[in-house]
Amino acid sequence: MSQNINQFYSIAPMMGKTDSYFCFLMSLINNNITIYTEMMHSESVIRTNILNDYKILKNFSNIKVQIAGNKPISIAKAAKKISELGFSEVNINCGCPSKNVIAGDFGLILLKNPKIVKDCVNAIKNETDLKVSVKTRIGIGTKYNDDLLNNFVSEINMSGVNKYIIHARNGILGKLSTKKNLSIPPLKYERVFKLKKKFSKNKIIINGGFLNTLDFKKYKNKVDGIMIGREAYKNPWIFAKNPITSQQKVALVIKYITKLKKLFTGKSINKNSITHIQNIFNSTDGAKNWRKAVNFSIHNNDLQYLLNYIKSS
């Protein structure tokens, strides 16, 4: 991937997936790619040490922390903690359609309440020098209304936000699960292109349905970037800087496991940290046996077994 393409693509925030361990794995594959962390509620950031796990990374320059909530004071306190740890950007989640999130009056429901988001942004800026971006969807429900998203961006622009990440689907609240909201509402890329034309001075990044990093020329004049979610997790090799051989993949995974072994010496393994590499050799010989080895390692809290397995394969 060229530097231009590195800057054009990013990895979407995904619950249970883009945690500190996945960010570390991606830093081994491509340390220039931007990754958005899994969503963290502002109160979780304030009350716990959830961010400390990210200290396994050498730097946070490409890691953007996604926070959720609707209380400016809480959001600002969380942002201050994020800033003090050395991160440079927070992203406010205004797109999650989860029933639990909506019940808390944050996530996608904020698309209807841009003033709250604006107040949250202002509160962040009063407490920190962090850059602030916003992630949302093109609409809510089964009908399409350009005014909803246009008004949202117009209002929040008043707080100085420049970057918006737009999932090119509506979110259907109440009737669809979070998972189904990732596939059933149809993709409407043209709506995002239209938004970019209207708000040409804003940085508009499109998200939804992208499966590779080969579309730079096709979309570079329509949007300012492409964010990839599920495919990035299924096949992180699409972000490799250069064509990567099977031997190089194995060497990289060995480096990752070795790091985890040091981190979890005398401790229980964080299962997510290993789950991230369970499917990393999919579509190659031995993928099924690799998955079995990963499962054994998780079940027996034994990273040395996995290390021995991959080195002898």
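1. Let's start with a crossover: strand β7, helix α8 (residues 189-198) and strand β8 (residues 203-207) form a right-handed β-α-β unit. Right-handed here means that, with the strands pointing away from the viewer, the path from the first strand over the helix to the second runs clockwise. Helices (H or I, at least four residues) and strands (E, at least two) are DSSP runs, numbered from the N terminus.

2. A note on what you are looking at: this is a predicted model, where local features need pLDDT of at least 70, side-chain atom pairs count only at pLDDT 80 or more, and totals for chains, interfaces and linings use all residues. Residues are numbered from 1 along each chain as its sequence is written, and side-chain values use heavy atoms, with hydrogens and water left out.

3. Now look at the neighbours of β7. With β8 it pairs in the parallel sense over five bridges, and Y164 stands opposite I204 in β8. Strand β6 (residues 131-140) also pairs with β7 in the parallel sense, over seven bridges, and I140 stands opposite G171 in β7. To count as a pair, two strands need at least two DSSP bridges between them.

4. There is another crossover to trace: β6, helix α7 (residues 146-157) and β7 make a right-handed β-α-β unit.

5. Is β7 (residues 163-171) mostly covered or mostly open? It is mostly covered, with nine of its nine residues buried. Buried means under 20% relative accessible area, exposed over 50%, and partly exposed in between (1.4 Å probe, protein chains only).
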